[in-house]
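The tour below goes from one selection to the next.

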Amino acid sequence: MSQAHPLTLITGASAGIGTAFARDLAARGHDLVLTARRVERLDALAAEIRGRHGRQVTVMPADLADPAAPHTLCEALAGRGLVVDWLINNAGYGVPGSFVANDWRTHADFLQVLLTAPTELAWRLLPGMRERGYGRIINVASLAGHVPGTAAHTLYAASKAYLIKFSQSLALENQAQGVHVCALCPGFTRSEFHDVTGTRAMMNRLPDFMWQSAEEVARQGVDAVERGEAVYVTGRVNRAIKTMFKLMPDRLAMKMSARQSRRYRAQDTP
């Protein structure tokens with residue numbers, strides 16, 4: 001099955017890859033539900049998309065660090081009679097500094113946003129997709145989920161590795177019901193991510209060929225989930241890096257990862 005005008009829920013839609021997904025999918029004829037914390041940005045994006053594409057865009061602000069947020073969001077959708085065909089689990093951020101340099105509340109919020117919220121949203125929205133025989137879920141993971149974890153971003157690679165394995169299992173469980181699930185794994189992407197983590201100056205040392213635009217990442221992600229790809233790494237450079245680390249002995253891979261990441265990570269914070 002396919003839908004003429006699917007309704008897509010995008011988390012973390014106020015910036016970066018989330019905004020790029022919104023613009024790309026609206027251009028393809030999707031109606032949208034946009035959620036994030038920054039209401040002004042969501043409202044501006046919604047107005048832009050309505051004016052440019054004439055699509056229905058609903059803004060539902062939410063803070064996914066709140067454990068109640070996924071349930072509240074889905075209840076609000078049902079209350080408005082909005083049936084979600086596509087789910088883009090994009091909300092995320094990084095926490096610089098070593099594991100013990102940050103307090104537990106910081107880590108708990110991170111795990112809620114990066115792990116629990118996308119898992120719960122999928123659990124709540126999948127039954128309807130299966131019943132209708134059509135659905136798409138993109139979990140925005142990362143190339144980091146395919147390579148050894150690095151110091152000073154302790155939970156980031158671990159959370160992305162979870163999303164990859166989670167997506168593979170969901171893809172296998174739901175392929176016969178017309179639901180495609182994809183873990184989208186970009187590498188370095190031009191967005192405000194590194195500004196928020198305070199690593200912009202360090203990231204600027206990377207050569208241009210290592211970077212992709214948020215627009216390209218979103219476009220490749222939409223195409224990949226439509227093809228039925230359970231895991232998709234964007235860009236030839238990133239795919240080469242994934243293959244290299246996969247073939248390399250673990251000990252050597254960790255040494256190489258540690259040596260390279262040391263040049264681009266933020267120091268511990270008090």
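Predicted model: local features only at pLDDT ≥ 70, side-chain atom pairs only at ≥ 80, totals over all residues.

In which helix is the place of T19? T19 sits in helix α1.

**Stop 1: T19**

Show the side chain of T19. With a relative accessible area of 10%, T19 is buried, because the cut-off for that class is under 20%. A polar atom of the T19 side chain lies 2.8 Å from the backbone oxygen of A13. Leaving out residues up to four places away in sequence, T19 touches A13, S14 and L45.

**Stop 2: α1 against α2**

Now select residues 16–27, which form helix α1, and residues 39–53, which form helix α2. The two helices pack at an angle of about 20°, and their axes are 10 Å apart. Angles under 35 degrees count as roughly parallel, and α1 and α2 are therefore roughly parallel to each other. Their crossing is right-handed. On the α1 side, show T19, A22, R23, A26 and A27; on the α2 side, show L45, E48, I49 and H53. These residues make the contact between the two helices. By class, the contact of α1 with α2 divides into 5 nonpolar, 2 polar and 2 charged residues.

**Stop 3: the whole chain**

Zoom out and colour by secondary structure. The chain has 10 helices and 9 strands. Of its 270 residues, 51% are buried. Among contacts with a separation of 6 or more, 72% are between residues 24 or more positions apart.

**Stop 4: P6**

Go to P6, in the segment before β1 (7–11). Is P6 buried or exposed? Its relative accessibility is 3%, so P6 counts as buried. Y134 is one of the contacts of P6 beyond four places in sequence, along with G29, H30, D31, D85 and W86.

**Stop 5: α3 against α4**

Select helix α3, residues 69–79, together with α4. The axes of α3 and α4 come within 9 Å and cross at roughly 35°. The crossing of α3 with α4 is right-handed. P70, H71, L73 and C74 of α3 make the contact with Q112, A117, E120, L121, R124 and L125 of α4. The class count for this contact of α3 with α4 is 6 nonpolar, 2 polar and 2 charged residues.

**Stop 6: α4 against α5**

From α4, display F110, L114, L115, P118, T119, A122, L126 and R130. They meet Y156, S159, K160, Y162, L163, F166, L170, E173 and N174 of α5. The contact of α4 with α5 holds 11 nonpolar, 3 polar and 3 charged residues.

**Stop 7: A152**

Select A152, in the loop between β5 (135–140) and α5. A152 is not a glycine, yet it has a positive phi of about 75°. At 6% relative accessibility, A152 counts as buried.

**Stop 8: V179**

Move on to V179, in strand β6 (residues 179–185). V179 has 1% relative accessibility and so counts as buried. How far apart in space are V179 and R130, C-alpha to C-alpha? The distance between V179 and R130 is 6.6 Å, although they are 49 residues apart in sequence. Leaving aside neighbours within four places in sequence, V179 is in contact with L126, M129, R130, Y134, G135 and N174. Of these, L126 and R130 were displayed at the previous helix pair as part of α4, and N174 as part of α5.

**Stop 9: Q212**

Finish at Q212, in strand β8 (residues 211–213). Q212 counts as buried, at 13% relative accessibility. Which side chain does a polar contact of 2.6 Å join to that of Q212? The partner is T234. Show the residues around Q212 as well: beyond four places in sequence, Q212 touches F188, T189, R190, V217, Q220, T234, G235 and N238.

Note on methods:
Residues numbered from 1 in each chain as written. Heavy atoms only, no water. Axes fitted to C-alpha atoms, helices over the stretch in contact; angles between N-to-C directions. Helix = DSSP H or I, 4+ residues; strand = E, 2+ residues; numbered from the N terminus. Parallel < 35°, antiparallel > 145°, perpendicular 65-115°, else oblique. Left-handed = near helix turned anticlockwise from the far one by under 90°. Contact = heavy atoms within 4.5 Å. Nonpolar A, V, L, I, M, F, W, Y, C, P; charged D, E, K, R; others polar. Buried < 20%, exposed > 50% of the residue type's maximum accessible area, 1.4 Å probe, protein only. Polar contact = N/O pair within 3.5 Å; in protein donor to acceptor, adjacent residues only side chain to side chain.
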